[in-house]
Each structure stands twice: as structure tokens, then as C-alpha cells.
Amino acid sequence: MQTLHEILCRESRNKLQRAYLIYPMLILVFSIAVDYSRFLNFSLVPIICVLSLVIFSLYLPSRQLIIWTVIYMLAITVTLWIQRDRWATPYNNAEALVITRVIVASSAGTIACMYAMRRERDDVTYLSIIHLLEQFSIPATLSDSDGWLTHMNSEALKIFGENTTPDAPFYEYFSDTTNKGKSIQYYMNLASGATMEPQRIGLSLISKHHLVYSATMMRITLGARNLVLTLLDAPEKQP
């Protein structure tokens, strides 16, 4: 028997797969239709296709993006070649213009594919880090460069009585007892790389001020994304 969660996940994947097929195709058909209507005095296909590939690089799996890049490049080439008479004059070479625009579009598509592959590598690395944190016997958290929690391992969740990582700022759960009054700036310096070395500080729980954890905070870089890893040692009771 499949659980409700598994069924919902499968349906979500199916919807995404349909979206990956439908939206790129609709965009392509729309831009070609506008081009052949001659409503504009320039070709819309290269512009729309290149912009779409840049946007798709943020969401589409790299394999599908590569396929759509090839399809879009073929559409750009054929569309420009068929309509090359629109910008052919005695003063320019229409064939050279077509080749130049195809090369530019292909370069943009290649960069989009490279970005998508890098994004996927970063995602795999992030999941590996999450898996590693779950093996720790001590509380550990990950937070982003803006100070929002992205993951608490099971040991950290036990401290707060949570089942999942809350969508909340780091300092909504912790209070810095070492850098009082400067905790936000201290965190931002660490996240941005202004502070390079791992730092040892005292962190108390907002809900339990009498417990102070000796914590190690360090920056982790995943591509253009900076994360702050916080490891908590055994707490000390304060009077």
C-alpha cells in the first residue's frame, strides 16, 4: 500500500513533468506564430527563446534543459534563415547576420545549461551535507546568508520539540551570549566571508535562557550560496 505522502509526491512529479513539456512548447509556438504574422519588424524567436532558457535554467533539470536548448536553437536557425529576406539589403549580408545571431543564441543556451548543471551539483552537495548532519549525535543547524534556518538535524529538533525545521530566523530560536548587541552583525560577517575562521560562541535558547550551549559556527559555500553551520555542544546551566 502506498502512503498518502507517496501518492502526493508522485502526483507532484507528474505535474512538474507535464509543466516541463507544456510551457517551453507554448512559448516556442507563441514566438514562432508572432514571427510569421510579421506583426513586428524584427524576429521575436531568438529573444524569447534565449530569455526562456535563462529562466528555465533556474528550474528545469539540466537534461531537459539541454534538450530544449537544442530544439530552441534549431527553431531559431530555421526561423531566421527562412525570414532572412526581411533584413537583407544591399548594405548587409543576411546570411552573416543569421549566423551571428545563431552563435549568440547558442552561447546563451550553453551558459544556461552550464548554470543548470552547477545548480544541480550544488543541490546534491547540499543534500549530502543534510544527510551527514543527520548522522551527528549533537544538535546542528544550517541557516542561510539572510539568517533564516534551512535545516535542523534530529538532535536539534528534539531541543525545541519540533518535527520539522521551522521557517524562521536563526535568532528567533537562539540568543548570542558572547556578542551581545552585535550578534546580527557578527552573523552577517561570518555568512559573507568577512570573518573567515570558525568561531566559538555561547548560545542560549530563547525558550530556555538558563541553558547556554558552547557553539561552533562556520561558513559553508555552495556555488554562489553561503550557509552557516552551527554545532552545539552540551549545555551549561546558568544561575
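Predicted model: local features only at pLDDT ≥ 70, side-chain atom pairs only at ≥ 80, totals over all residues.
**Around Asp 144**
- Asp 144 sits in strand 1, which covers residues 140-144.
- Leaving aside residues up to four places away in sequence, Asp 144 touches Thr 150, Tyr 187, Asn 226 and Leu 227.

**Salt bridges**
- How many salt bridges does the model have? The count comes to 2.
- One of them joins Glu 155 to Lys 158, with the closest N and O atoms 3.4 Å apart.
- Both partners lie in helix 5 (residues 154-160), and because they are 3 residues apart, about one helical turn separates Glu 155 from Lys 158.
- In general, an α-helix has 3.6 residues a turn, so residues three or four places apart point the same way.
- Glu 155 is partly exposed, at a relative accessible area of 23%, whereas Lys 158 counts as exposed, at 59%.
- Arg 200 and Asp 233 form a salt bridge too, and here the closest N and O atoms are 3.0 Å apart.
- This pair links distant parts of the chain, 33 residues apart: Arg 200 belongs to strand 4 (residues 199-205) and Asp 233 to strand 6 (residues 225-237).
- Asp 233 is partly exposed, with a relative accessible area of 29%.

**Helix 2 and helix 3**
- Helix 3 runs over residues 62-82, which makes 21 residues. From first C-alpha to last, helix 3 reaches 30 Å, close to the 30 Å expected at 1.5 Å a residue.
- How do helix 2 and helix 3 pack? Helix 2 (residues 45-56) meets helix 3 at an angle of about 170°, and their axes are 9 Å apart.
- Because that angle is over 145 degrees, the two helices are roughly antiparallel to each other.
- On the helix 2 side, the contacts come from Val 45, Pro 46, Cys 49, Ser 52, Leu 53 and Phe 56.
- Their partners in helix 3 include Leu 65, Trp 68, Tyr 72, Ile 76 and Leu 80.

Technical notes:
Residues numbered from 1 in each chain as written. Heavy atoms only, no water. Helix = DSSP H or I, 4+ residues; strand = E, 2+ residues; numbered from the N terminus. Contact = heavy atoms within 4.5 Å. Expected span 1.5 Å × (residues − 1). Axes fitted to C-alpha atoms, helices over the stretch in contact; angles between N-to-C directions. Parallel < 35°, antiparallel > 145°, perpendicular 65-115°, else oblique. Salt bridge = Lys/Arg side-chain N within 4 Å of Asp/Glu carboxyl O. Buried < 20%, exposed > 50% of the residue type's maximum accessible area, 1.4 Å probe, protein only.
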